[in-house]
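Colleague: I'd like to learn how to read helices, sheets and ring contacts off a model. Can you walk me through one?

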Amino acid sequence: MDRLALLAIVISACGLLLTVSGSLRLGRAVRARASTGAPYRPGTIHDRFTGLLLRLPVLLVGLALGGLAVCQSAFQSTAEMARIGRLESRKAGWGRTAVTFRPDPLYIDDRELEGEIAGARWAVAGIFVEWSPSLRWLGLRNGHRIHHLVGTPNTTGTTPESRGETAVLVPLPRAARALVACDPFIPWLDVRTRASRWFPQASGPAMLLYVTAEGYHAETIPGAGAGRSRGSGS
């Protein structure tokens with residue numbers, strides 16, 4: 001269990017206890033006010049209702065951190081460079097390339113991904129989430145997830161990835177979509193799309209795909225073909 005999830009559980013448990021305690025105190029005050037002959041001080045209901053409202057934020061903070069922990073679990077950490085899988089490509093018709101991504105066991109998703117993209121060159125891209133360093137003590141961590149292919153008709157490979165045609169390899173899971181959707185409302189969160197360098201359309205040797213904080217990096221598997229291919233994110 002990571003630090004964020006543990007912190008969410010502790011704060012949620014404390015918030016729940018405070019909320020239950022405040023609710024019981026309010027309930028006793030209401031019952032005393034409604035019971036004939038029971039001791040009741042005027043204003044007690046108002047005071048205890050206010051106390052309950054002041055306790056609720058603790059529970060809400062715990063639930064919010066729990067939600068972030070669930071969303072964060074949908075992304076693989078980019079704290080260190082790591083190999084995430086194997087890329088294979090082949091021609092799939094005029095101007096099209098079929099790409100297969102075979103994930104390593106440590107990647108966040110164990111499904112084999114396949115897709116086709118049009119263009120003279122192609123790249124693999126993913127969604128990267130980055131948190132402000134001032135909040136890292138909470139257990140928030142930067143992460144990524146493979147998402148789509150990018151293609152360009154430009155044979156020079158100088159087209160920015162953001163301007164190329166895209167083809168989704170795998171839709172984001174619900175938790176990941178929720179975190180991406182929150183990007184405009186959380187000033188400490190930055191969601192970006194990063195891609196590998198451009199690869200030629202023609203079938204090529206299989207490559208190992210790595211992830212770093214800056215993006216994706218690919219290397220030709222030794223013995224899989226002539227030459228050596230390297231790529232880094234942008």
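**Reading the model**

Modeller: Let's start with helix α2, where Thr 44, Leu 52, Leu 59, Gly 62, Leu 65, Ala 69, Cys 71 and Gln 72 are buried. Keep in mind that this is a predicted model.

Colleague: What span should the 29 residues of α2 have, and how far apart are its end C-alpha atoms?

Modeller: Count 1.5 Å a residue: α2 (residues 44–72) should then span 42 Å, and its end C-alpha atoms are 43 Å apart, which agrees.

Colleague: On to sheets. What is the strand order in the open sheet of five strands?

Modeller: The general idea is that strands of a sheet pair through backbone hydrogen bonds, either parallel or antiparallel. Here the order runs β4-β3-β2-β10-β11, and the pairing is antiparallel. β4 (113–118) and β11 (215–220) are at the edges with a single partner strand each, so one side of each has no neighbour in the sheet. From one strand to the next, the twist averages 30°.

Colleague: How many bridges join β3 and β4?

Modeller: Six, with β3 (residues 96–103) and β4 antiparallel. Thr 97, for one, stands opposite Ile 117 in β4.

Colleague: And the rings: how many aromatic pairs are there?

Modeller: Ring centres within 6.5 Å make a pair, and the count here is three. Take Trp 122 and Phe 199: their ring centres are 4.9 Å apart and their planes are at 50°, so this pair is tilted. It links distant parts of the chain, since Trp 122 is in strand β5 and Phe 199 in strand β9, 77 residues apart.

Colleague: Are Trp 122 and Phe 199 buried or exposed?

Modeller: Both are buried. For a charge over a ring, look at Arg 194: its charged end sits over the ring of Phe 128, 5.5 Å from the centre.

Methods. Residues numbered from 1 in each chain as written. Predicted model: local features only at pLDDT ≥ 70, side-chain atom pairs only at ≥ 80, totals over all residues. Heavy atoms only, no water. Phe/Tyr/Trp six-rings, centres within 6.5 Å; stacked < 30°, edge-to-face > 60°. Helix = DSSP H or I, 4+ residues; strand = E, 2+ residues; numbered from the N terminus. Buried < 20%, exposed > 50% of the residue type's maximum accessible area, 1.4 Å probe, protein only. Lys NZ or Arg CZ within 6 Å of the ring centre and 35° of its normal. Expected span 1.5 Å × (residues − 1). Pairing = 2+ DSSP bridges. Axes fitted to C-alpha atoms, helices over the stretch in contact; angles between N-to-C directions.
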